[in-house]
Structure formats: structure tokens, C-alpha cells
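Hello,

Here is the structure I promised to pass on to you. Please open it next to this email and follow along as you read.

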Amino acid sequence: MSEPIRVVVTGAAGQIAYSLLYMIARGEVFGPKQPLILHLLDIPPMVGVLEGVVMELADCALPLLREVIPTTDPAVGFKDVSAAFLVGAMPRKEGMERKDLLSANVKIFRAQGQAIENFAKKDVKVLVVGNPANTNAFVCANYAPSIPRENFTAMTRLDQNRATSQIATKLGVPISDVKNIIIWGNHSSTQYPDAGQGKVVINGQTKSVADAVNDTSFLQGAFVETVQKRGAAVIAARKMSSAMSAAKAACDHMHDWWNGTAPGTFVSMGVCSDGSYNSPKGVIFSFPVVIVNKKWEIVQGLDLSDFAKSKLALTGKELQEEKDEALSVLDVGSSNL
């Protein structure tokens, strides 16, 4: 058995973390032979709830879980961590403008970026789940200049899982027989769920999803809209956000980053854009990636339709606007940073 690694989850007293912590601690992310020390970071008003979470983790009697460290101090939360799940964020409230949301989150992710810079391992893998995830990841990376930019990612795996599920249901096949569905751009309603590169196994034969579905109006209409609006639909039905599926997606994202992708398979991750597919450089943009030895690489050379290109331009524009707004907030608050 190897030495334990330290993993931090922020917003650890919240709904998503309630599912996420159990999945991590039982070995679903880092493997069945990797012992863990979990750091649970949250804000002071949540200390009582955090104590309950610690008790439940103890009561699960998980063999891989060597220690649990609950804290409200980022210096403790990020000390020597190898992986970080940044779940905690300021949610958008009624009447709140996007810039207000960004302003509130800049303060949170500034502090977390600084703590990562000062206390985390230099090869730490950071996954931002809290929304607006792409721009929160951009802000966080800004405040950890000694950590490689490629070590900061945003989660669009939930959207990919949603999209994959929609295609599997449409074709009446198991989830495992559908792959390479892509989420481009922002984790927002402008994201582009793209089945154009997807593959599906039907009766033992591999086909393109486009050929198997054979319904362009569906793939460019109802499919895209269902995935884009799925989070709102879950809230409307459940009266709470999609916590279980978000936790599962966070595990999938980090598992593949840690362990690599299968040959011929790519996954969607929000990563720092190098301008691929005419995306704006420097924003955190969701691309299809392949992963080897814990390093992701954007899949190049995919043939995109004019429809897809128009959707990428739309979500790229939104991300550039978010980035500019975040930078303006940083500039305004620079005397206090």
C-alpha cells in the first residue's frame, strides 16, 4: 500500500460534497489501493454541519481513509494537498447580476488561489466545480502563479455525462456503448453539447452517433437544449440542485485526470485555451482532451460543421466577457488584494 495522499474538498458541508466525499474515500477516484487524508474546508457558520460529516465518514469505516481534517482555515485546508475539489462558491441569488456574482466569487477564489500557491504541492491537480466554474478557475489560477496553468481545470463532465445519457437513451443502448460526446466552451446555457464526433456500438458494430440517430434536427435542437437546461430541470423537479450527479461527474473528471483516458476515447474538461478551434486565448474553455501520465492534451483536427462553429463562437464570446468582467473586478479591488 502506498503512502497516503492529501485531498481537499471545499464547501465540504454542502450537498455536492455529501456525495463526493464518500466516493473519494472509498477509492473511486484515486484507486482501491491509494490511502487518503481528506481535508474538509468550509466557512465558520458551517462548522457544526462539518462535524456531522466527519462523524459520518468515521461511521462508514472506510479502509482507505487514514485521517479527516475539518477546517475553516485555507492554510490548513490546502496544506500539502495533491488534489483539490473546489466545490464551495457563492451561488447566484435572485436579482443578482452576473458581475455581482463574479465579484463575490473573485474574493473566494482569490483566497483559495493564494492558499494553493502558498501551501499545496506544486503538482496539485485543481478541479473547480463551484459556478461560474470556468471563470472561477481562471481567477484561482491567477493567484497561484507558481502552479502550472494546466493544473487548473473546470468541470464540464456533468454536461458530458448528461449528453451521453441522452444519446444512449435515444438509441436504446447502454451508457458504456456511447463515447466521445463533447462539451465545448462554458459550463453555462451557452455551452455546446456536440454529438458530431460521437461513436456508438450497436449490434456489435461501431457507428457514428450522427448516422445512428439519423436526425439532424434532434441533434441540433432538442438534444442541445435538454443538456443546456438540465440543471434547471433538476432544480424544478427536485427543488434542490443536481448534487449527486455533480459529485459523480467530479469523480469522473479527477479519476480520468489521475489515471488517464482509454485509447480512442476523449473527455471534456474546462482547460486554459491556447486558441484551438478559434476559441479566445487565456479563458478556461471546455475542449475534448486525452490524458496520459496525468497530463491532458486538447484533441486537434476535428472537423466541425458551420453550426458547431457558430455555437463555439457564442460560448467563446461569453467566456471572454466573463474573463474581462473578472479582470475589471480584480482591477477595481486591486488596492485590497
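In helix H1 (residues 15-25), the buried residues are Ile-16, Ala-17, Leu-20, Leu-21, Met-23, Ile-24 and Ala-25. Please keep in mind that this is a predicted model. An α-helix has 3.6 residues a turn, so residues three or four places apart point the same way. What do the buried residues of H1 pack against? Their partners are strand E1 (5-10), strand E2 (36-41), H2, E3, strand E4 (83-86) and H11. After H1 comes Gly-27, with a positive phi near 100 degrees.

Ala-25 and Cys-60 are 35 residues apart along the chain, and their C-alpha atoms are separated by 9.5 Å. You will find Cys-60 in the loop between helix H2 (47-59) and strand E3 (65-71). With a relative accessible area of 35%, Cys-60 is partly exposed.

The protein is divided into domain 1 (5-154) and domain 2 (157-320). Their C-alpha centres lie 24 Å apart. Domain 1 puts 30 residues into the contact, and domain 2 puts in 31 residues.

Now for the inside. In soluble globular proteins, nonpolar side chains tend to be buried together. Here the largest nonpolar core has 76 residues, and those touching the most other members are Ile-24, Phe-30, Phe-85, Trp-184 and Phe-223. Helix H11 (residues 243-259) supplies the largest share of this core, 9 residues. Why does the core lie between the two domains? Domain 1 (5-154) and domain 2 (157-320) both give residues to this core, so it lies between them.

Apart from its neighbours within four places in sequence, Phe-223 is in contact with Ala-163, Gln-166, Ile-167, Ile-181, Pro-193, Asp-194, Ala-195 and Phe-218. There is also a second, separate core of 30 residues, with Leu-86, Phe-109, Ile-116 and Ala-133 among them.

Ala-133 leads us to H5. Of the 10 residues of H5, 9 are buried, so this helix is largely enclosed by the rest of the structure. The buried ones are Ala-133, Asn-134, Thr-135, Asn-136, Ala-137, Phe-138, Val-139, Cys-140 and Ala-141.

Look next at Pro-132, which sits in the loop between strand E5 (125-128) and helix H5 (133-142). Is the peptide bond from Asn-131 to Pro-132 cis or trans? This bond is cis, with omega near -5 degrees.

**Residues with a positive phi**

Most residues other than glycine have a negative phi, and most peptide bonds are trans. With that in mind, two residues are worth a look. Asn-214 is not a glycine, yet its phi is positive, about 55 degrees. This residue is in the loop between helix H7 (209-213) and helix H8 (216-220). At 67% relative accessibility, Asn-214 counts as exposed.

Lys-294 has a positive phi too, near 65 degrees, and is a residue other than glycine. Its place is in the loop between strand E13 (284-292) and strand E14 (295-298). Lys-294 is partly exposed, at a relative accessible area of 33%.

Asp-215 is also in the loop between H7 and H8. It is partly exposed, with a relative accessible area of 27%. Leaving out neighbours within four places in sequence, Asp-215 is in contact with Lys-170 and Ala-210.

Leu-171 lies in helix H6. Not counting residues up to four places away in sequence, Leu-171 touches Val-200, Ala-212 and Val-213. Leu-171 and Ala-212 are 41 residues apart in sequence, and in space they are 7.5 Å apart, C-alpha to C-alpha.

How do H6 and H11 cross? The axes of helix H6 (residues 157-171) and H11 come within 8 Å and cross at roughly 105 degrees. The two helices are therefore roughly perpendicular to each other. At this crossing, Arg-157, Leu-158 and Asn-161 in H6 meet Ser-245, Ala-246, Lys-248, Ala-249, Asp-252, His-253 and Asp-256 in H11. Sorted by class, this contact has 3 nonpolar, 3 polar and 4 charged residues.

Enjoy exploring, and write back with any questions.

Best wishes

Methods. Residues numbered from 1 in each chain as written. Predicted model: local features only at pLDDT ≥ 70, side-chain atom pairs only at ≥ 80, totals over all residues. Heavy atoms only, no water. Core = buried A, V, L, I, M, F, W, Y, C linked by side-chain atoms within 4.5 Å. Buried < 20%, exposed > 50% of the residue type's maximum accessible area, 1.4 Å probe, protein only. Helix = DSSP H or I, 4+ residues; strand = E, 2+ residues; numbered from the N terminus. Domains from an automatic or database assignment. Contact = heavy atoms within 4.5 Å. Axes fitted to C-alpha atoms, helices over the stretch in contact; angles between N-to-C directions. Parallel < 35°, antiparallel > 145°, perpendicular 65-115°, else oblique. Nonpolar A, V, L, I, M, F, W, Y, C, P; charged D, E, K, R; others polar.
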